[in-house]
Structure formats: C-alpha cells, structure tokens
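Trainee: I would like to go through this model with you. Could we take the overall build, then a few residues?

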Amino acid sequence: MNKTFNSKKKTLNHEQKNVLMALLFILPTAYLLVKTFVYPVYQTIVWSFYQYNLMEGSGSFYVGFKNYLDVLKSADFQLSMNRTLVFTVLSVVLELFFGFISALLLNQTFKGRSFFRAIIIIPWALLTLVNGLTWQWLLTPGYGGITVVLHQLHLLAPDVNPVWLADSSHLIYFVILADVWKMTPFITIILLAGLQSISSDLYEAAMLDGAGFWKKIRYITIPQIAPSVMMALVLRTMGAFKVYDVLTVFTGDATTSVSYLTFNNAFRYFFLGKASAMACMTAIVILLLAIIYIRMLNKKED
C-alpha cells in the first residue's frame with residue numbers, strides 16, 4: 001500500500017512540475033498580452049468616464065457618462081459615423097461581390113491558374129499607405145493616371161481637368177475604391193478555400209438532375225461556402241469600420257471616419273477622455289455587428 005501511495009505521489013509531483021514548467025514558458029507571453037492589450041483596453045474604459053485633457057494640465061476628474069453624451073451630441077461624430085457606415089457597407093459588399101467572382105474564376109481549371117492565384121495577392125500584400133499613395137497619384141489632377149487615360153480615350157475634353165479629391169463629401173467613394181482594390185484578394189482567398197472544400201459529387205449529381213450554372217451556384221455553391229462568407233464578412237466589417245491609415249493619405253478631414261476623428265481627439269487635441277469614449281463606442285458597434293453575423297451563421301447551420 002505504501003509503495004502504491006508513494007508512486008502516485010511521485011506521479012502527481014511530476015505532473016505538477018510539468019504544469020509549473022508550462023506556466024513559466026507561458027508567463028512572458030501572457031505578461032506581454034496583458035501589458036500591450038488588456039491593460040490599454042482597461043485604461044481606455046476608465047478614461048472614458050473622466051474629463052482628461054493633457055493640454056490643460058488640470059488633471060483628471062470623474063464625469064460619469066458625460067463624455068459619451070457629448071460624443072453622441074457632437075455633429076462631427078455623427079457625420080463621421082455616417083461616413084464610416086457608408087464606407088463599411090459599400091466596401092464590404094463590393095469586396096464580397098468581386099471576391100466571389102474572382103474565387104469562382106480561380107477555382108476553375110485553366111492554364112496559368114497558379115500564376116493568377118499568386119499575382120492576385122499583390123494588392124493585399126502592399127502596405128495600406130502604399131496603396132493610398134498609389135491611388136492618390138492615380139487621382140492627381142493633370143498628370144494622374146486616371147485623368148490621362150480618360151483624356152486618351154476621349155472621355156474627357158482636353159481642357160477638362162477634374163479635381164477628384166477636392167470634395168470631402170465625395171472623397172469617401174474614392175477611399176472605397178482604393179480599399180476594394182486592396183482587400184478583394186483577401187476575400188478571394190477565404191472564399192476560394194471554401195470552394196475547394198465542396199465535393200465534386202454534389203455538382204455531378206446536380207448535372208444529372210439537369211441543373212444549370214446558376215442553379216448550381218444558388219443551391220450548392222452559396223450554401224456550402226456560407227461559413228466562409230460569414231467569416232469574411234466579420235473580418236472585413238471589423239477592418240473596414242476601423243479604417244484610418246488610408247484616409248491620412250487622401251484627406252486631412254477627420255470627419256471622414258470615426259477612427260480618424262478618435263485619433264485627432266486623442267493625439268492632436270489630447271482630449272483623452274472624449275477620445276476614449278469614442279473608442280469604446282466604436283468597439284461596441286463592431287462587437288454588435290460581429291454578434292449579428294455569428295447568429296446568422298448559426299441559424300444557417302441549424
């Protein structure tokens with residue numbers, strides 16, 4: 001009996017040592033995650049309830065939900081939220097549409113398919129700022145690529161020289177164009193992976209039943225890649241709603257997006273309490289959208 005108890009005790013001690021060793025290896029990573037992610041999120045939530053302006057030098061004091069109410073009443077926030085929603089909806093819909101078409105084409109068997117699958121990643125691989133600078137050059141009045149091409153095609157009169165980026169109310173549509181060009185390959189990769197997981201037996205059975213191309217798309221392809229579509233929607237909605245860097249290239253108007261307005265309040269005017277409230281409200285909107293997408297996905301799976 002004593003020998004058996006001792007052997008169990010030794011085994012338990014050995015397991016405990018393994019757990020402690022695992023914790024020691026995990027501890028540095030956990031510390032970095034807490035320091036760089038968890039604590040900043042906690043600090044942002046705390047600051048959102050305080051009147052905190054570094055430029056005043058008066059310290060911070062608790063104001064409750066005043067920052068949130070001020071943000072909701074702000075005309076700049078309302079305008080930036082409307083533009084952000086327009087940007088998110090249009091860019092995600094267009095990226096999903098073109099990404100689906102690209103995925104269908106790249107899923108076919110043809111010569112040079114591997115080459116096209118490789119080069120389609122190039123826009124997505126570019127830095128967002130590089131993408132913004134590229135489209136800014138294309139839209140430059142006079143010698144910009146789009147203006148030159150339209151002149152050569154005689155779609156614009158020689159004396160017409162449109163300033164594409166002059167109107168901030170229409171600027172968001174050019175930002176959408178740049179974002180769609182960059183992020184469509186990302187959607188394509190996700191949907192292509194979903195297409196490749198569909199069994200060819202389903203299409204063969206549909207052909208035997210006399211189903212045409214559109215019926216196969218509607219009744220086989222789309223239902224089978226629904227999880228991939230939902231994943232792409234969640235990821236791109238979160239990314240599009242937080243758009244910032246490409247806007248810094250196109251415009252200096254902070255009301256073009258909520259992220260840009262939040263950045264201005266935090267790092268240009270140092271209204272840290274107000275900016276923290278904006279960041280929290282943005283996070284809540286993104287979380288609600290993610291929950292809606294996940295519930296839609298679960299309903300389709302049921």
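**Fold and local features**

Mentor: The protein has 14 helices and 2 strands; helices (H or I, at least four residues) and strands (E, at least two) are DSSP runs, numbered from the N terminus. This is a predicted model, where local features need pLDDT of at least 70, side-chain atom pairs count only at pLDDT 80 or more, and totals for chains, interfaces and linings use all residues. Residues are numbered from 1 along each chain as its sequence is written, and side-chain values use heavy atoms, with hydrogens and water left out.

Trainee: What box do the C-alpha atoms fill?

Mentor: Take the box along the principal axes. The C-alpha atoms then fill roughly 100 × 75 × 35 Å.

Trainee: What percentage of the residues count as buried?

Mentor: Buried means under 20% relative accessible area, exposed over 50%, partly exposed in between (1.4 Å probe, protein chains only). Of the 302 residues, the buried share is 35%.

Trainee: Which residues of α11 are buried?

Mentor: Helix α11 covers residues 226-241 and reaches 22 Å from its first C-alpha to its last. Its buried residues are Ala-226, Ser-228, Val-229, Met-230, Ala-232, Leu-233, Val-234, Arg-236, Thr-237, Ala-240 and Phe-241.

Trainee: Is His-154 buried or exposed?

Mentor: His-154 lies in the loop between α7 (145-152) and α8 (168-196). Its phi is near 60 degrees, a positive value in a residue other than glycine. Most residues other than glycine have a negative phi. At 70% relative accessibility, His-154 counts as exposed.

Trainee: What is the relative accessible area of Phe-270?

Mentor: Phe-270 sits in the loop between α13 (258-267) and α14 (272-301). Phe-270 also has a positive phi, about 60 degrees, although it is not a glycine. Phe-270 is partly exposed, at 26%.

Trainee: How far apart are the C-alpha atoms of Glu-56 and Val-243?

Mentor: Glu-56 is in the loop between β1 (50-52) and β2 (60-62). Glu-56 is exposed, with a relative accessible area of 52%. Glu-56 and Val-243 are 187 residues apart along the chain, and their C-alpha atoms are separated by 30 Å.

Definitions and conventions:
Expected span 1.5 Å × (residues − 1).
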